[in-house]
Amino acid sequence: VADAIASSISYGFGHFACLNNISYAASLKGDFTLARSWALRALEVANLLEAPSARAHALVSLGIAERELGDLPAAIANLEEGTSIERRLDETIAFAEDTCELVIALLRSDLVERAAELVRELLDIAQRPIQKLSHPQVVYWTAALTFRAQNDEVRAQTLLDQARHLLDELEE
């Protein structure tokens with residue numbers, strides 16, 4: 001309904017948001033083929049709008065779907081491009097959260113050193129007091145995966161404990 005309304009009044013950003021949100025919802029549901037399809041549509045609209053932020057978010061949605069469908073090279077390329085745009089636009093929160101998605105793809109591709117480089121930056125962002133990440137525990141969980149891939153079980157456990165602490169705080 002929202003997409004039909006946005007389209008009927010030529011509200012391109014509303015149309016983009018609906019397409020990208022459908023992709024996100026399909027990912028949450030585990031239907032990555034559907035998520036990929038909607039992300040491609042969102043990317044097409046973002047390109048027509050010539051909106052870098054929208055393009056970044058569509059690329060991330062596409063990258064997540066491709067990663068889960070097993071196309072790691074495409075996933076990494078799209079996630080790298082999307083997060084690069086977010087970095088350039090100084091969208092720190094989106095960059096941090098979406099970089100977690102990239103790190104997972106890198107780890108699945110055994111690109112541990114590149115993942116570790118990004119994790120160092122993520123941990124720096126997560127510790128800044130002004131940052132309000134939607135899911136800060138994901139940064140620590142992602143970092144823990146990376147340290148585990150580097151065989152640093154002590155650091156991995158410390159980061160998992162931090163993630164758990166953040167989750168516990170949310171439940172209070």
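I started with H4, which has 17 residues and reaches 24 Å from its first C-alpha to its last, close to the 24 Å expected at 1.5 Å a residue. This is a predicted model, so I'm reading computed values throughout.

Next I looked up burial. Twelve of the 17 residues of H4 are buried, so the helix is largely enclosed by the rest of the structure. Among the buried ones I noted Ala54, Ala56, Ala58 and the run from Leu59 through Val60, Ser61, Leu62, Gly63, Ile64, Ala65 and Glu66 to Arg67. Just after H4, I found Gly70 with a positive phi of about 90°.

Arg67 got its own entry. It sits in H4 and is buried, at a relative accessible area of 7%. What does the side chain of Arg67 make a polar contact with? I found the side chain of Glu101, at 2.7 Å. Leaving aside neighbours within four places in sequence, I listed Leu72, Ala75, Glu101, Ile104, Ala105 and Arg108 as contacts of Arg67.

Then the largest pocket. I got about 780 Å³ of space for it. Its lining has 24 residues, and Tyr24, Ile64, Glu97, Asp98 and Glu101 lie nearest the centre.

H6 gives the most, with seven residues. By type, I have the lining down as eleven nonpolar, seven polar and six charged.

Definitions and conventions:
Residues numbered from 1 in each chain as written. Predicted model: local features only at pLDDT ≥ 70, side-chain atom pairs only at ≥ 80, totals over all residues. Heavy atoms only, no water. 1 Å grid on protein atoms, 1.4 Å probe; cavity = no way out; pocket = protein on both sides within 12 Å on 5 of 7 lines; lining within 4 Å. Points joined across faces, edges and corners; volume = space filled by probe spheres on them. Helix = DSSP H or I, 4+ residues; strand = E, 2+ residues; numbered from the N terminus. Nonpolar A, V, L, I, M, F, W, Y, C, P; charged D, E, K, R; others polar. Buried < 20%, exposed > 50% of the residue type's maximum accessible area, 1.4 Å probe, protein only. Polar contact = N/O pair within 3.5 Å; in protein donor to acceptor, adjacent residues only side chain to side chain. Contact = heavy atoms within 4.5 Å. Expected span 1.5 Å × (residues − 1).
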